[in-house]
Amino acid sequence: MKIFRSELSSEFKNRLFDMTAGDLPDYGSPFKHDLIQCVLSSTKVQFGFHLSGSLSAIHLFECDRCLDPFSIADQIQVKLWLTPNQGLTDQDELEMIYFPDSMDEIELAGTFADLLYLSEPMKKLCADSCKGLCSQCGINLNNSNCLCKSDDSVNPWENLRSFIPKQV
Ligand SMILES: [Zn+2]
Ligand SMILES: [Zn+2]
């Protein structure tokens, strides 16, 4: 998604930018809806431009426990500074973007892809209470029950317990 310098310097508030998932560099996380909505504001600051707002996207994940697909609507805060001062961007911070005076426009797709990626949960669960799959027959325990015996009954140590003298 490109923004022109002329747009940035004339400043804008809560402007809607439509972006498609296809505009973003592929990073292995499909989006349910192709549309990613950005609402952004630009302000001039001493060392360049400040770009703030939010990205809205619907992530499509596979549950780590039951493997069912599920989606999460995500809204990510955007806070970026675009600056021609290379010293400021040397610090390897995602928020500081090098934007030399010689450039008329800036491509932000890579930065937005990083922000979306960083917002993904480490553990992807369809629900905190997800029961997952049966370790024996593989059935999805959220939808149905199976007749597999629970692990306790096949515990090989269970028989040994009868040999332990009872405490009086
Ligand atoms: Zn699940
Ligand atoms: Zn089972």
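Predicted model: local features only at pLDDT ≥ 70, side-chain atom pairs only at ≥ 80, totals over all residues.
Local features were taken at pLDDT of at least 70 and side-chain atom pairs at pLDDT 80 or more, while totals for chains, interfaces and linings use all residues. Residues are numbered from 1 along each chain as its sequence is written, and chains are lettered from A and ligands numbered from 1 in the order in which they are written.

**Sheet.** Five strands form an open sheet in the order β2-β3-β4-β5-β6, and the pairing is mixed. Because β2 (12-20) and β6 stand at the edges with a single partner strand each, one side of each has no neighbour in the sheet. Averaged over the sheet, neighbouring strands are turned by 30° against each other, direction ignored; the axes behind such angles are lines fitted to C-alpha atoms, and angles run from 0 to 180 degrees between N-to-C directions. Strands (E, at least two residues) and helices (H or I, at least four) are DSSP runs numbered from the N terminus, and two strands pair if DSSP finds at least two bridges between them.

Two of the pairings are listed here.

| Pair | Sense | Bridges |
|---|---|---|
| β4 and β5 | antiparallel | 14 bridges |
| β5 and β6 | parallel | three bridges |

Ser 56 stands opposite Gln 75 in β5, and Leu 82 stands opposite Ile 97 in β6. The hairpin formed by β4 and β5 has six residues between the strands, and Leu 67 in the turn has a positive phi of about 70°.

A residue is buried if 20 or more other C-beta atoms lie within 10 Å of its own, with C-beta atoms placed from the backbone. Leaving out residues up to four places away in sequence, Leu 82 touches Leu 8, Gly 48, Phe 49, Leu 51, Ile 97, Phe 99 and Ile 106, where contact is C-beta atoms within 7 Å.

**Helix.** Phe 112, Leu 115 and Leu 116 are buried in α3. Seen down the helix axis, the buried residues of α3 fall within an arc of 95°, so they line one face; the arc is that of the directions from the axis to the C-beta atoms. These buried residues of α3 pack against β4 and β5.

Key:
Contact = placed C-beta atoms within 7 Å. Buried ≥ 20, exposed ≤ 12 C-beta atoms within 10 Å, placed from the backbone.
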